[in-house]
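Please look through the sequence and the structure below before reading on. The paragraphs that follow move from the ligands to the loops and then to the packing of helices.

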Amino acid sequence: MANANNLGLTPEQLARLTVVDHPLVQHKLSILRDEQTGTKQFRDLVRELALFEGYEATRDFGLEPMQVKTPLEECTCQHLAGKKVAIVPILRAGLGMVDGILDLIPAARVGHVGMERDPKTHEPHEYYCKLPPDVEQRTCLIVDPMLATGGSATAAIQYLRDAGVRDIRLLVLVAAPEGVRAVLDYDPDVRLYTCALDRELNDSAYILPGLGDAGDRIFGTR
Ligand code: PRP
Ligand code: URA
């Protein structure tokens, strides 16, 4: 596994990277990586890990006071200060993370960015995009389990920037050093959350040790 301090990132870039190292996250991720884990359990784990990661990625959301009457007395409590959120999965594999974030933020809108990597060049090919009409007013949580070369993620970030989105957070489950550097170099404001920093990419641009092809494992295709 890689160490965030050895990736050659600047202090400013390191501050935009969060590795979600909670013990429950690491436990669930180990099961996710196991080649013996079947489709149903894999899908459930992706959803659960997205929820944990969404919790970290929303930690700085603002609160405002509100009055609540308990059965005993009135008190001042806090509620979210009207933050509008869009979840943007990168198709296909990102779809597996959407419900976990919706469990946390049920009112979020969902946009879709369809990207498929060319198996030879590893370049992403865009095949479908649809965003909520007021997306520029929303905090966008791009979700995709895998950050390999970073080609798909940077294309999705550019698509959202072109749509006028200011606050973009990318949530992945497993990241390769190459992808982390690519994303943080590409966009000076994006924040990146990952549950693991893996060692490297192989010659086919698959993450090592990784978990294989996330889309195939979520949807039972191969
Ligand atoms: C995978 C994965 C990411 C991308 C990561 O998707 O879900 O979107 O590859 O690779 P990159 O960082 O090198 O761009 P894939 O293109 O295989 O499509 P799928 O989700 O439909 O399986
Ligand atoms: N896409 C995947 O699903 N897995 C990888 O390791 C790399 C890209």
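A polar contact here is a pair of N or O atoms within 3.5 Å; within protein, one of the two must be able to donate a hydrogen and the other to accept it, and residues adjacent in sequence count only if both atoms are side-chain atoms. By that rule, an oxygen atom of ligand 2 makes such a contact with a polar backbone atom of Ile-207, at 2.8 Å.

This is a predicted model, in which local features need pLDDT of at least 70 and side-chain atom pairs count only at pLDDT 80 or more, while totals for chains, interfaces and linings use all residues. Residues are numbered from 1 along each chain as its sequence is written, chains are lettered from A and ligands numbered from 1 in the order in which they are written, and side-chain values use heavy atoms, with hydrogens and water left out.

A polar backbone atom of Gly-212 lies 2.8 Å from a nitrogen atom of ligand 2, and a backbone N or O atom of Ala-214 is 2.8 Å from an oxygen atom of the ligand.

Ligand 1 is surrounded by 17 residues, the closest being Arg-117, Asp-144, Thr-149, Gly-150 and Ser-152. An N or O atom in the side chain of Ser-152 is 2.6 Å from an oxygen atom of ligand 1. Arg-92 places a polar side-chain atom 2.9 Å from an oxygen atom of ligand 1, whereas Ala-93 has a polar backbone atom 3.0 Å from an oxygen atom of this ligand.

Helices (H or I, at least four residues) and strands (E, at least two) are DSSP runs numbered from the N terminus, and Arg-92 lies in the loop between strand 4 (85-91) and helix 4. Another cis peptide bond runs from Leu-208 to Pro-209, with omega near 0°, and Pro-209 is in the loop between strand 13 (207-208) and helix 7 (214-219). In the loop between strand 6 (112-117) and strand 7 (124-130), His-122 has a positive phi of about 65°, although it is not a glycine.

How do the helices pack? Axes are lines fitted to C-alpha atoms, for helices over the stretch in contact, and angles run from 0 to 180 degrees between N-to-C directions. The axes of helix 3 (residues 39-57) and helix 4 (residues 95-104) come within 7 Å and cross at roughly 50°. Angles under 35 degrees count as roughly parallel, over 145 as roughly antiparallel, 65 to 115 as roughly perpendicular and the rest as oblique, so helix 3 and helix 4 are oblique to each other. Helix 5 (residues 151-162) and helix 6 (residues 177-186) pack at about 20° with their axes 9 Å apart, and are therefore roughly parallel. Where contact means heavy atoms within 4.5 Å, Ala-153, Thr-154, Ile-157 and Gln-158 of helix 5 meet Ala-182, Val-183 and Tyr-186 of helix 6.

Methods:
Near = heavy atom within 4 Å.
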